[in-house]
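Hello,

Here is the structure we talked about handing over. My notes follow it.

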Amino acid sequence: MDYKELKLIASTSPHIRSKNSARTLMVDVIIALLPALAFSVYNFGMRALTLTLVSMAGCVVIEAAYRVLTGRHQTASDLSAAVTGMLLAFVCPVTLPYWTILLADAFAIIIVKQLYGGIGKNFMNPALGARAFLFSWAGLMSNWVAPGTKAALWGSTADAATYATPMSFLHANDLEGLKRVYDLPAMFIGRTGGSLGEVSAMLLLFGGVFLILRRVIAWYIPASYIGTVAVLTFLFPRGNDPREWMLYNLLGGGLMLGAFFMATDFVTSPVTRRGQAIFGVGCGLLTVFIRYFGSYNEGVCYSILIMNLCVWLIDKYVKPHHFGVPRTAKKKEEAGK
Amino acid sequence: MAQAFFGGIHPHDSKAATNKKPIELMPPTAQVVLPMSLHIGAPCRPCVAVGDHVKIGQVVGEATAFVSAPIHASISGTVTAVEPRPHFNGLQVMSVVIENDFEDTVDESVHPPKDPDGLTAEQIVEVVKNAGIVGHGGATFPAHVKISSGIGKVDTVILNGCECETYITSDHRLMMEEPEEIIGGAKLLAKVFKVDQIILAIEANKANAAELMRLKIEQLGAPIKVEVLRTRYPQGAEKQLCQAITGKQIPSGALPASIGCAVFNVDTAGAIYRAVYRGIPDIRRIVTVSGSGVRDPKNLNCRIGTPFRELLDACGGVYPDTFKILAGGPMMGYAQYNMDVPVGKGTNGILAFRKDEERTVADPTCIRCGKCTSVCPMRLQPLFMYMYESRDMLKELEAAHVMDCIECGCCAYICPGRLHLTQTFRTGKQKILNARAKAKAEAEAAAKAAEEKKEA
């Protein structure tokens, strides 16, 4: 046989690659969020779905347009923008007008993500950054509806009765009041008021475990984050039952969504296991601190954003112990610099 | 199971195409090409001239330094050329080309020592040295150097039957078909290093080989313990294997002997046995020819120096849409563009691929997922090293221990952003070496200038 006819490539090893790409990881994240989305539709009506789809489409279109207009290679197909759109919708009230979420999409994609160079370069979680931006319309962002209410699909939603979420009870230290409205099973399943996608702790937990099993995310951040919140709320309860106070704190608000889907964002979390654990503990500390002492009743969003800003610091100082370098020698080496 | 090493990956092993096929003896080919560099270390000097008649086992390339290994004629015939020829490492290397006379006459030097069992450790090392035996695992480090530099320091001798690269089954088949030679080699190594026990490490995906070796070891009463290790790449890498067996880490920049270990490929042990008991030098090689591009994958027993095209022809050739042919495994092998390159002492496989399993993309992007860090068996941080290299930050790159990178390819394999990580670190290492050489030269020049000034 004549092998000179073959068109051979002579690149260097390795010559095989895993099938995983940014896109497959993002598809897994979207799949993991679908059960919670389905529950939100059951809880808040079809508007939960339409708002999420509008937000996803908005993010993808804005990213694609930005990349075209600035003459950069197209990244919209990696679906990271779609995940941003989905998560952004999840942390907003279902009553949020469509124009507002599209504005937030633009903020997330252009200001938070693309201006720094796009995927992999942003230092803040785009969805949470945009949520913080949305508090410029604080009224719209606290327009909660009761579970089981069917939010109007079109038109004004401003007349929907504003409804107390579990977090507003917790912020007022009114555990008894909260227990009268929602029992623990309702909190776990998610039959409560709150942001579009954050209500069902159970289904978010399923999604998170799915991501861990698929090795899309590692367990260090969710475990250290949720663990820290659990320990702190158990040790410093407000009310007379530390166990219940702890459970309501874990199941209420955006903790599950934040711990499994926001804090674990690759781009804005540390790369080492120890760094991720430190990051999670930091998020937990700040979350409890804001919930206890802040004027907002929810601390997940800001605690993750603040920890996002510390990632470079964690990555700089928390490094793996190199193979074959004794720990003491490494310290000496660093001291010598 | 023994302890694990850090990180690692588990690609589909793809060994099913050849792991049940017995090794086929390939008929000698019309021509062999023997490059003078079939080992790590100083290249050999050709000691035959065009027109000379050579016999099997005759030395055609003399070792020129301590870290070197002589090269022997693998067929009998006439030397038709002594000139640079393409080598599987991509370079042109001085080679001795022999035209086969198909007589297979054996050189007078090929005979076992008078009393193989009575040899002292030094005599065994001498036999190994003269037989030109190098590591058959792929790194081709001269075995006599490894032995003589390890005597007295080594208390753990490990036979490496891991074969963690995908597709390759040559060591697997050897363990199935020539266990006695491997065990015989192991006994010799135990004698040389004065250890009571040798450890034979086999990955769990070769359970039948582990079973057979256990049986044979028992029958022969050999001092060998079979350790079945987890199937995980790079289990067979020297540093990782030592870690899995002993739990100790080889210090950065040091050799396995520094923690009392010496690792030999199972076929290296077999080659030592053949040299000591039969006087046969390192002239044959078991090669797995496989991959999606090969029509009839096989394990072939061929002479060293056989051109790749002869082995591919023996396997029915390749499909016309083959786009990549490798010497070695997919994780660490060398891509070839010329099928005239010869089989070397460490060529454990020739693989041909039809579809792009490298899955390269036009715009590799780091998404900071940290997977590269979690799979790195050396506990390095490929994503930062990549950043430093691409910005030419050599000081930071060196501080990130890039020189410890074993180029196993795990990071590049797992990277969802498809960065050319391992490839980049090769360049980075070279840049650092160049910078060091430059700094050294400048320092010398400065010292010389200062001296001249003083004299003046």
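**Chain A**

Buried residues make up 50% of the 337 residues in chain A. Buried means 20 or more other C-beta atoms within 10 Å of the residue's own, with C-beta atoms placed from the backbone. This is a predicted model: local features need pLDDT of at least 70, side-chain atom pairs count only at pLDDT 80 or more, and totals for chains, interfaces and linings use all residues. Residues are numbered from 1 along each chain as its sequence is written, and chains are lettered from A and ligands numbered from 1 in the order in which they are written.

Chain A has 16 helices and zero strands. Both are DSSP runs, numbered from the N terminus (helices H or I, at least four residues; strands E, at least two).

**Chain B**

Strand 10 (residues 198-203) and strand 11 (residues 224-229) of chain B run parallel, joined by six bridges. Pairing takes at least two DSSP bridges. B:Leu200 sits opposite B:Val226 in strand 11.

**Where they meet**

In contact are 53 residues of chain B and 33 of chain A. The cut-off is 7 Å between C-beta atoms placed from the backbone. On the chain B side, helix 8 (308-314) and helix 13 (421-455) are among the elements giving two or more residues.

Best wishes

Methods
Contact = placed C-beta atoms within 7 Å. Buried ≥ 20, exposed ≤ 12 C-beta atoms within 10 Å, placed from the backbone.
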